[in-house]
Amino acid sequence: MDRDPRWAVEELDLEAYLDRVDIPASAVQQPDADTLARLHRHHIDTFPFENVDYVLGTAVNVSMRGLNTKLVHKRRGGHCVELNLLFAAALQRLGYRVERQAARVSTLGRESARSHAILHVTAGGTTWLADTAFSLGLLAPLPLKLGAQAEQGGKTYEVTQENDGEWILRVVSPESRELYRFRDEQLNWYDFDMISTWGKHNPGSPIGRGLFVARRTESTHFALRGTTLTATDHAGNRSVQEIEASQVPKLLCGEFGIQLTDSETSALVQKVLESDSAVRTKHNDSAGQETPREAVDVR
């Protein structure tokens, strides 16, 4: 187990975590590949990707104590650092060997920073790529082997490797799309704290541009951006629904399982209203002007 005191995995309330992800302790006695896959899927089903704290101006604490309080006991979601560091702690407590790493999200026509947290997990003599926080990505771990493929949720994923040792995760079917790149390098707690802080202030990050919440099921990807709810199935069919700002907290609770306090609910509605007003003003000011398109980091 990693002894870096900043990880402090012993501070995870493992009993409460297993209850949160709806897995009995008796089902996770062996740290094997099947158990890893089950934990990975239940973690994804339980914890949505969300940036409510950033919208409210609340400090995000990626220490184990902060993650345990927010995600496990307050029944919230989080961004990639929060979601995957929590998952790493649970896996280590259950006997897995885990390395915490970071990937560069693939964007068209520009370089990107190592801003996405990922995990390498050893189970059954195999190293697996585990990632519970990339909403268009894996539903289950993928063997970290050259050319390894897996069909998940109507998509086929593949890991390949460049001559310089850089790994690539991509979708190869039904569409072809590179998701992210990474090198086999374990990072420390301060690296992830920096990634979390950088994401808040980077205008290209999905967690720094207003309310963004996402979750994925076997058949559908749901995303809420401000007051726009989008549902996309694995065939690419998309439905879009505009909702009132006052309905956002109810949607967060019902559709995404995010529980907010009364004060957080009031503050969030006000922030969403302000953001929606700013977007409308910007749209009116730019009416008739052609806006260049660029790639966006979508998680």
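How many helices and strands does the chain have? The chain has eight helices and 13 strands, where helices (H or I, at least four residues) and strands (E, at least two) are DSSP runs, numbered from the N terminus. The views below show a predicted model, in which local features need pLDDT of at least 70 and side-chain atom pairs count only at pLDDT 80 or more, while totals for chains, interfaces and linings use all residues. Residues are numbered from 1 along each chain as its sequence is written, and side-chain values use heavy atoms, with hydrogens and water left out.

**View A. Tyr-17 and Phe-47 form one of the six aromatic pairs in the structure.** Rings of Phe, Tyr and Trp (its six-membered ring) pair if their centres lie within 6.5 Å, and planes under 30 degrees apart count as stacked, over 60 as edge-to-face and the rest as tilted. The ring centres of Tyr-17 and Phe-47 are 6.2 Å apart with their planes at 10°, so this pair is stacked. Because Tyr-17 lies in helix α1 (residues 14–20) and Phe-47 in the loop between α2 (33–46) and β1 (49–50), the pair ties together parts that are 30 residues apart in sequence. Tyr-17 is buried at 0% relative accessibility, and Phe-47 is buried at 2%; buried means under 20% relative accessible area, exposed over 50%, and partly exposed in between (1.4 Å probe, protein chains only).

**View C. An open sheet of five strands has the order β1-β10-β11-β12-β13, with antiparallel pairing.** Two strands pair if DSSP finds at least two bridges between them. The edges are taken by β1 and β13 (238–242), each with a single partner strand, so one side of each is left without a neighbour in the sheet. Two bridges join β1 to strand β10 (residues 212–216) in the antiparallel sense, and Phe-49 has Ala-214 in β10 as its bridge partner. Helix α7 (residues 248–256) packs on the sheet, touching β10, β11 and β12 (228–233), and its direction makes about 160° with that of β11; axes are lines fitted to C-alpha atoms, for helices over the stretch in contact, and angles run from 0 to 180 degrees between N-to-C directions.

**View D. Thr-220 lies in strand β11 (residues 220–225).** Thr-220 is buried, with a relative accessible area of 17%. Not counting residues up to four places away in sequence, Thr-220 touches Arg-215, Ala-231, Thr-232 and Asp-233, where contact means heavy atoms within 4.5 Å.

**View E. Strand β2 (residues 97–105) is mostly covered, with seven of its nine residues buried.** Eight bridges pair β2 with strand β3 (residues 114–123) in the antiparallel sense, and Glu-99 stands opposite His-120 in β3. β2 also runs antiparallel to strand β9 (residues 177–182), to which three bridges join it, and the bridge partner of Arg-104 in β9 is Arg-181.
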